[in-house]
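Have a look at this one with me when you get a minute.

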Amino acid sequence: MASRPTERISFVTNGTPESEIAAQRLRQRYGDIAFDSAEVVVALGGDGLMLQTLHRVLRTNVPVYGMNFGSVGFMMNAFSEDTLGERLSAAQQTRIYPLSMQVIDTSGRQQTSLALNEVSLFRSTYQAAKIQIVIDGETRLEELICDGVLLSTPAGSTAYNLSAHGPILPIEAPLLVLTPISPFRPRRWRGAILGNRAVVKFITREAAKRPVSAVADNIELQNVLEVTVREDRSQGVTLLFDPGTSLEERVLSEQFRY
């Protein structure tokens, strides 16, 4: 990757005292410009901050390099004040694409949102949700009785999808993973792996009695009636990782943890 002049860096933090102090030192050393004018964004925080930052750069094509000041830091690099310009120049790139979520709620209102990790449907009350699953216009599951269901990108397959016992996908795989959340009927259905061109529609049944919310990363829409999800290849984001610690390597390594 071509070298980037350090004066084109914008630093963002998750607001903790430690990340703020580190950002101040980095700004003094490497400079800092406005977020919207940056050639590269350096995010100091955890995976939550990284996800927020990636959403901010979705339409600008500016790469993001994270340094870990969070609890997990799966999408972050190790923190160091030294040789930041060299680390950015040597960083490996990973390109990921979002899911587009289109929602019709029970009042007929239509809304859209994007998700880099997953789109999830959740029951909103004590009663289980009843959800019909339609893929490319064909009903594949007439009724899933469950706490919820999610559709994940490869990048999101190691996040909530994995906690819901869904499979991990290789980061470059042209696939999506469909995973139930606490399924009651059919109890033994464990989900499906789909091609990334699939159009998935979730239709809630008994929506007034069994309200359901839909979540695209951190955007929640309530009282949904229909949710249509497809991958959006018209826009994407680029993550930067130190050599030998790419997202591809991390996803592969995660499959051998126990």
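Below are my notes on one strand and its neighbours, then on one arginine.

1. Before anything else, keep in mind that this is a predicted model.

2. Start with strand β3, which covers residues 64-68. Is this strand mostly covered or mostly open? Mostly covered: four of its five residues are buried.

3. Now look at who sits beside β3. Strand β2 (residues 40-45) runs parallel to β3, and five bridges join the two. To find one of these spots, pick Ala43, whose bridge partner in β3 is Gly66.

4. How do you get from β2 to β3? Helix α2, residues 47-56, belongs with them: β2, α2 and β3 form a β-α-β unit, and the unit is right-handed.

5. β3 also pairs with strand β16 (residues 237-241), again in the parallel sense, this time over two bridges.

6. Next, jump to Arg230, in strand β15 (residues 224-231). Is Arg230 buried, exposed or partly exposed? Its relative accessible area is 32%, and because that lies between the 20% and 50% cut-offs, Arg230 counts as partly exposed.

7. What does Arg230 touch, leaving aside residues up to four places away in sequence? The list is Pro98, Leu99, Ser100, Gln102, Ala198 and Val199. With Gln102 there is also a polar contact, side chain to side chain, at 3.1 Å.

8. Arg230 and Ser253 are 23 residues apart in sequence, and their C-alpha atoms are 28 Å apart in space.

Note on methods:
Residues numbered from 1 in each chain as written. Predicted model: local features only at pLDDT ≥ 70, side-chain atom pairs only at ≥ 80, totals over all residues. Heavy atoms only, no water. Buried < 20%, exposed > 50% of the residue type's maximum accessible area, 1.4 Å probe, protein only. Pairing = 2+ DSSP bridges. Right-handed = clockwise from strand over helix to strand, strands pointing away. Contact = heavy atoms within 4.5 Å. Polar contact = N/O pair within 3.5 Å; in protein donor to acceptor, adjacent residues only side chain to side chain.
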